[in-house]
Amino acid sequence: MTGPQLMYSLAIHYACMGRAVIKVGVNMDGTPNGLYPLYSPKVKVKTDKFGNITKFLYGDTDKEEVMPSFFSARKFENGRPAESYAFQIVKPSLSPFFDINDANTPLRALGIPAEITKNLLQRAYDSSDNTPNIRHIITTAPTMTAPQEDKLRADLDDAKTGAEQSGDFLVLRGEDVKVHAIDSGLSDIHTKIPLEDMSRLIAGAFGIPVALLGLAGIDGSKFANNYIESRLSFFQDTIIPGYLTPYRDWE
């Protein structure tokens, strides 16, 4: 990774999981020679009785890599580490322990909004699966038999432009047949409004002003004149105190 890529990777972990864990490789004289970002959910810590982290355990349980912390790593006389070690940047929480399950992160507060968004998108995906270009759905009474459905389908195919019965009238006796247009516009309030509401909740939890989302919903025009202020507040209230300051302290 380049330097900016590394910082971006660490920022994603910090935002979503509440901590960024880094392994530091060292030279023979104790100076760093490389930084290696670790996948936070795969990292566990061991502490002494005073709460100091002594070890980082990385990977699956049956093949964990054990890395000392800077606190417990072997040191040269000048205080530089004599072996590779790991450290982490964490968001403070009510718990004094560094368990990832107790991390103070937006993702832990967004279970229901995220689940609603997932289900709505899954419904849209299931509706379009294998039928991406269908614009209408035909429904019939439950008493219609399978042979009758096949006959209806065949007659509709024969009535297409250039087909054998193109232009003929289709007559169906004794069944209630309805044609429904598939509407994916803004009038589909059962999808659009819940999705936008959940998007606002998720963005707000991450400190992102609604005006920056570009939502085209019923009240999207309200934020047109607030874009400049929203962009400024995003940096002043979220990026600088939430990310830049912790990383500057780390450096």
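Predicted model: local features only at pLDDT ≥ 70, side-chain atom pairs only at ≥ 80, totals over all residues.

Reply: Residues are numbered from 1 along each chain as its sequence is written, and side-chain values use heavy atoms, with hydrogens and water left out.

Me: In what order do the elements of the chain run from the N terminus on?

Reply: Helices (H or I, at least four residues) and strands (E, at least two) are DSSP runs, numbered from the N terminus. The chain has five helices and eight strands. Their order is α-β-β-β-β-β-β-α-β-α-β-α-α.

Me: What percentage of the residues of the chain count as buried?

Reply: Buried means under 20% relative accessible area, exposed over 50%, and partly exposed in between, with a 1.4 Å probe and protein chains only. The chain has 251 residues, and the share of them that count as buried is 24%.

Me: By what angle are neighbouring strands of the S2-S1-S6 sheet turned against each other on average?

Reply: Axes are lines fitted to C-alpha atoms, for helices over the stretch in contact, and angles run from 0 to 180 degrees between N-to-C directions. The pairing in the S2-S1-S6 sheet is antiparallel. With direction ignored, the average between neighbouring strands of this sheet is 25°.

Me: Which residue of S6 stands opposite Ala-20?

Reply: S1 and S2 pair in the antiparallel sense over six bridges, and Val-26 stands opposite Pro-32 in S2. S1 and S6 also pair in the antiparallel sense over six bridges. In S6, the residue opposite Ala-20 is Ile-89.

Me: How many of the six residues of S6 are buried?

Reply: Strand S6 is largely enclosed by the rest of the structure, because the number of its six residues that are buried is five.

Me: Which residues in the largest nonpolar core touch the most other members?

Reply: A nonpolar core is a set of buried Ala, Val, Leu, Ile, Met, Phe, Trp, Tyr and Cys residues joined through side-chain atoms within 4.5 Å. Of the 14 residues in the largest one, those that touch the most other members are Leu-10, Val-24, Tyr-85, Phe-87 and Tyr-247. At least two residues of this core come from each of H1, strand S1 (19–26), strand S6 (85–90) and H5. Apart from it lies another core of seven residues, among them Leu-38, Phe-56, Met-67 and Ala-86.

Me: Which residue in the turn of the S3 and S4 hairpin has a positive phi?

Reply: Strands S3, S4 and S5 form an open antiparallel sheet in the order S3-S4-S5, with S3 (43–47) and S5 (65–68) as the edge strands. S3 and S4 pair over five bridges, and in S4 the bridge partner of Lys-46 is Lys-55. Five residues lie between the two strands of this hairpin, and the turn residue with a positive phi, of about 90°, is Gly-51.

Me: Near what value is the positive phi of Gly-59?

Reply: Four bridges join S4 (residues 53–58) to S5 in the antiparallel sense. Leu-57 has Val-66 as its bridge partner in S5, and Lys-55 stands opposite Pro-68. The hairpin of S4 and S5 has six residues between the strands, and there the phi of Gly-59 is near 110°.

Me: Which element supplies the largest share of the lining of the second largest pocket?

Reply: On a 1 Å grid over the protein atoms alone, a pocket is an open set of points where a 1.4 Å probe fits, with protein on both sides within 12 Å along at least five of seven lines, and lining residues have an atom within 4 Å of a point. The lining consists of Met-7, Tyr-8, Ala-11, Ile-12, Ala-15, Ile-239, Tyr-243, Leu-244 and Tyr-247. Helix H1 (3–17) and helix H5 (227–250) each give two or more residues to it. The largest share, five residues, comes from H1.

Methods. Pairing = 2+ DSSP bridges.
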